[in-house]
Amino acid sequence: MTTYPHTAALMKRGTDFLGCETAIMCGAMSWVSERNLVAAISNAGGFGVIACGAMTPDILDREIAATKALTTKPFGVNLITMHPGLFDLIAVCRKHGVTHVVLAGGIPPKGSVEAIKESGAKVICFAPTLALAKKLLRSGADAMVIEGMEAGGHIGPVSTSVLAQEILPELAADHLIFVAGGIGRGEAIASYLEMGAAGVQLGTRFACATESIAHPAFKKAFFRASAREAVASVQVDPRLPVIPVRALKNKGTEEFTAKQREVAALLDAGEVDMGEAQLQIEHFWAGALRRAVIDGDVENGSVMAGQSVGMVTKEEPAADIIAELMSQCEAALAR
Ligand SMILES: Cc1cc2nc3c(=O)[nH]c(=O)nc-3n(C[C@H](O)[C@H](O)[C@H](O)COP(=O)(O)O)c2cc1C
């Protein structure tokens with residue numbers, strides 16, 4: 001078996017925490033991160049994470065059971081904090097003895113971190129700023145993911161390189177911080193590990209793995225795209241704050257602009273409140289992503305992709321992607 005001594009040493013805190021061989025997490029991707037990709041990542045020594053997205057507790061129950069049938073290795077479950085059934089989903093994770101729960105999509109609601117920890121699972125949260133990272137760690141988060149705007153899917157305003165420089169020197173010595181966003185090669189992993197990261201999280205690089213169930217047309221769109229085509233959505237109405245989403249530019253991108261105008265008009269007419277307006281926007285994304293990933297409609301659907309998409313050129317088994325990242329990282333650290 002290939003060994004990566006320099007990388008393994010720097011990843012040790014991360015691998016001890018995750019319970020796997022390499023501290024490379026495959027970030028949850030709605031519709032993409034289901035049983036097949038998650039099990040393939042974990043079987044290859046990485047850490048797969050199921051994207052719960054808008055799943056009901058019953059569907060999540062079945063997905064976890066099916067994943068467990070495909071791997072005996074640890075994997076996590078990513079829950080969206082604004083899911084109306086969050087506490088029921090936590091109960092499903094508890095029933096299955098899920099070891100790690102990732103809370104995404106905003107500040108965790110009161111009691112959610114405690115509920116997960118009571119089940120014996122570790123809690124991983126996202127932090128868009130140093131202040132929030134400190135607050136979440138104080139509130140009981142066991143590890144943090146800091147994710148820059150190069151990433152695919154919903155993004156914050158700050159780049160990974162700046163977040164890493166702001167947060168790692170302050171927190172990495174005493175806390176487990178995983179870096180995400182724009183990582184396409186092992187050399188980048190090496191640099192974040194040297195800055196103190198416990199590990200990394202990638203999404204875009206894994207979306208087209210052989211084991212990913214994404215539609216062939218979705219994968220083809222990734223193979224053809226370059227970094228500059230993975231663009232962030234724009235907010236058209238200052239009263240309607242929408243979280244930007246990074247995806248390949250297509251007709252769907254334009255439809256999102258139209259959708260925002262439609263929702264803003266409903267807001268103006270007093271037909272919906274701000275909460276409902278934002279929910280409508282999120283439902284738009286969920287539907288659009290499904291159209292691209294499952295139906296293969298890459299023109300009208302949302303082909304969420306990070307800027308590292310230019311480094312995704314062919315379909316490869318998850319194990320090969322992880323092995324390549326690890327050997328690039330090792331070579332960089334051994335220099
Ligand atoms: C197609 C796609 C769908 C995603 N869906 C989710 C999601 O449902 N929940 C989530 O927390 N992150 C989601 N993400 C973000 C990933 O989990 C991961 O953090 C991100 O892809 C890392 O950055 P990278 O794309 O530059 O590697 C998604 C990313 C992509 C590309």
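These questions and answers go through a predicted model, from its domains to its strands and its ligand shell.

Student: Which residue ranges make up domain 1 and domain 2?
Tutor: The domain assignment divides the chain into two parts. Domain 2 covers 226-304. Domain 1 is given as 5-213 + 311-334.

Student: What distance separates the centres of domain 1 and domain 2?
Tutor: The centres are taken over C-alpha atoms. On that basis, domain 1 and domain 2 are separated by 25 Å.

Student: How many residues from domain 1 and from domain 2 take part in the contact?
Tutor: On the side of domain 1 that touches domain 2, the residues divide into 6 nonpolar, 5 polar and no charged. The contact as a whole takes 12 residues from domain 2 and 11 residues from domain 1.

Student: Are the residues on the two faces of strand 9 buried or exposed?
Tutor: Strand 9 spans residues 199-202. Gly199 and Gln201 lie on one side, with Val200 and Leu202 on the other. Both faces are covered, and these four residues are buried.

Student: Which residue stands opposite Leu202 of strand 9?
Tutor: Strand 1 (residues 24-26) runs parallel to strand 9 and is joined to it by 3 bridges. Within this pair, the residue opposite Leu202 is Cys26.

Student: What is the bridge partner of Phe178 in strand 9?
Tutor: Strand 8 (residues 176-180) also runs parallel to strand 9, with 3 bridges between them. Together with helix 8 (residues 186-194), strands 8 and 9 make a right-handed β-α-β unit. The partner of Phe178 in strand 9 is Gly199.

Student: Which elements do the buried residues of helix 8 pack against?
Tutor: The buried residues of helix 8 are Gly186, Ala188, Ile189, Ala190, Tyr192 and Leu193. They pack against strand 8, strand 9, helix 1 (5-18), helix 7 (160-171) and helix 12 (318-334).

Student: Why is one side of strand 7 and of strand 10 left without a neighbour in the sheet?
Tutor: The sheet is open and antiparallel, with its 3 strands in the order 7-11-10. Strand 7 (153-154) and strand 10 (230-232) are at the edges, so one side of each has no neighbour in the sheet, as each has a single partner strand.

Student: Which residue of strand 11 is the bridge partner of Ala232?
Tutor: Strand 10 and strand 11 (residues 245-248) run antiparallel and are joined by 3 bridges. The partner of Ala232 in strand 11 is Arg246.

Student: Which residues around the ligand are the closest?
Tutor: The ligand is surrounded by 28 residues. By class, this shell has 12 nonpolar, 13 polar and 3 charged residues. The closest are Gly27, Gly152, Gly153, Gly203 and Gly306.

Terms used. Residues are numbered from 1 along each chain as its sequence is written. This is a predicted model: local features need pLDDT of at least 70, side-chain atom pairs count only at pLDDT 80 or more; totals for chains, interfaces and linings use all residues. A residue is near a molecule or strand if its C-beta atom, placed from the backbone, lies within 6 Å of it. Ala, Val, Leu, Ile, Met, Phe, Trp, Tyr, Cys and Pro count as nonpolar, Asp, Glu, Lys and Arg as charged, and the others, Gly among them, as polar. A residue is buried if 20 or more other C-beta atoms lie within 10 Å of its own, exposed if 12 or fewer, and partly exposed in between; C-beta atoms are placed from the backbone. Two strands pair if DSSP finds at least two bridges between them. A crossover is right-handed if, with the strands pointing away from the viewer, the path from the first strand over the helix to the second runs clockwise. Domain bounds come from an automatic or database domain assignment. Two residues are in contact if their C-beta atoms, placed from the backbone, lie within 7 Å.
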